Amino acid sequence: HLPLPDRIAALRDPARRARILAEPTDDAGLKVRLNNWDKIFPLGDPPDYEPPPERSVAAMAAARGMAAEALCYDLMLERDGRAILNRPLLNYADGDLAAIREMMTHPHTLMGLGDGGAHVGYICDASCMTHMLVHWARDRQRGPKLTIEQAVKRISRDNAMAMGFADRGVIAAGRKADINVIDFGRLRMRAPEMHYDLPAGGKRLVQTAEGYVATVLSGAVTYREGEATGALPGRLVRGPQAAA
């Protein structure tokens, strides 16, 4: 019931911390999902979505000689209680994103991520395409990357053609002028932040990015350096679109 700053101060009280950490996880399902310390990682800013095993809460706690749940508690109090931990699920079973790369490079795969907003308080889908460029085409260290040409084609031309939108997806005369102008060297994602602005105070994760110089829709610049220009040229698209 306390405002966030007072709540964080209360959680930092050693006696309260000890009482909370002493409470068992009675729900067996939650215990399996949430107390799996070797599968929980600090997310960081910029976020690291392919952390090595030694960055897990379990490994870090062992190195510090403390209980994993205690370290997890302390990590969540960083950034004045706004720190976020990463709990990757099925596609991280082997401790890296090799399975994701195998799917991404398969010719029958389309790139995208979304579940209609069903889990906006737990996962952030909107950064999928930026992550494709930043991680897979530039920064990945724990395995082979994609070329920038591969990445751009996968998130533009391939998706457009699969959906029947032959009027877009390439830069060519007679095609729809939908273009992102990107400073590839400074493109980066920031850590997600929790916003409580949905009806009844509902929460959603919001993740911003840097390095998008301009977003052009139908030839009109709608964003410059992440700021809306006020131009709203978008229109509802009904069905397949011919090339020209």
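Is R140 buried or exposed? Keep in mind that this is a predicted model. R140 is buried: its relative accessible area is 4%, and the cut-off for buried is under 20%. In the chain, R140 lies in the loop between α8, residues 128-139, and α9, residues 148-155. What does the side chain of R140 make a polar contact with? The partner is the side chain of E50, at 2.8 Å. E50 is also one of the residues that R140 touches once those up to four places away in sequence are set aside; the others are L97, A98, R101, H135 and K145.

Now the whole chain. The protein has 244 residues, and 26% of them count as buried. There are 10 helices and 10 strands. The C-alpha trace spans about 70 × 40 × 35 Å along its principal axes. If you take contacts between residues at least 6 apart in sequence, 58% of them join residues at least 24 apart.

Next, the nonpolar parts. As background, nonpolar side chains in soluble globular proteins tend to be buried together. Here the largest nonpolar core has 14 residues, and the members that touch the most others are L97, I100, M104, M132, W136, L146 and A151. Helices α7 and α8 each supply at least two residues of this core, and α8 gives the most, with 5. Take M104 as an example: leaving out residues up to four places away in sequence, M104 touches T109, M111, M132, W136, L146 and R154. Apart from this core lies another one, of 9 residues, including W37, A61, L71 and C72.

On to the aromatics. How many aromatic pairs does the structure hold? It holds 1. The ring centres of F41 and Y92 are 6.1 Å apart and the ring planes are at 80 degrees, so the pair is edge-to-face. F41 sits in strand β1, residues 41-42, while Y92 sits in the loop between β2 and α7, so the pair ties together parts that are 51 residues apart in sequence. Both F41 and Y92 are buried.

K203 lies over the face of Y122, 5.0 Å from the ring centre. The other case is R168, whose charged end sits over the ring of F165, at 4.9 Å from its centre. R168 is in the loop between α10, residues 157-162, and β3. With a relative accessibility of 15%, R168 counts as buried. Beyond its neighbours within four places in sequence, R168 is in contact with R157, A160, K176, D178, V237 and Q241.

Now the strands. Which strands form the open sheet, and in what order? There are 4, in the order β3-β8-β9-β10, with antiparallel pairing. β3, residues 179-182, and β10, residues 227-228, stand at the edges with a single partner strand each, so one side of each has no neighbour in the sheet. Strands β8, residues 212-217, and β9, residues 220-224, are joined by 4 bridges. Within that pairing, T215 stands opposite Y223.

β5, residues 193-198, and β6, residues 202-206, also pair antiparallel, over 4 bridges. E193 has V206 in β6 as its bridge partner. These two strands form a hairpin with 3 residues between them, and A200 in the turn has a positive phi of about 60 degrees.

Last, some backbone details to look at on the screen. The peptide bond between D45 and P46 is cis, with omega about 5 degrees. P46 is in the loop between β1 and α4. D80 is not a glycine, yet has a positive phi of about 55 degrees; D80 is in helix α6, residues 78-81. E225 is not a glycine either and has a positive phi of about 50 degrees. E225 lies in the loop between β9 and β10, and at 43% relative accessibility E225 counts as partly exposed.

That is the tour. I will take questions now.

Key:
Residues are numbered from 1 along each chain as its sequence is written. Side-chain values use heavy atoms; hydrogens and water are left out. Rings of Phe, Tyr and Trp (its six-membered ring) pair if their centres lie within 6.5 Å; planes under 30 degrees apart count as stacked, over 60 as edge-to-face and the rest as tilted. Buried means under 20% relative accessible area, exposed over 50%, partly exposed in between (1.4 Å probe, protein chains only). A charge sits over a ring if NZ of Lys or CZ of Arg is within 6 Å of the ring centre and within 35 degrees of the ring normal. A polar contact is a pair of N or O atoms within 3.5 Å; within protein, one must be able to donate a hydrogen and the other to accept it, and residues adjacent in sequence count only if both atoms are side-chain atoms. Contact means heavy atoms within 4.5 Å. A nonpolar core is a set of buried Ala, Val, Leu, Ile, Met, Phe, Trp, Tyr and Cys residues joined through side-chain atoms within 4.5 Å. Two strands pair if DSSP finds at least two bridges between them.
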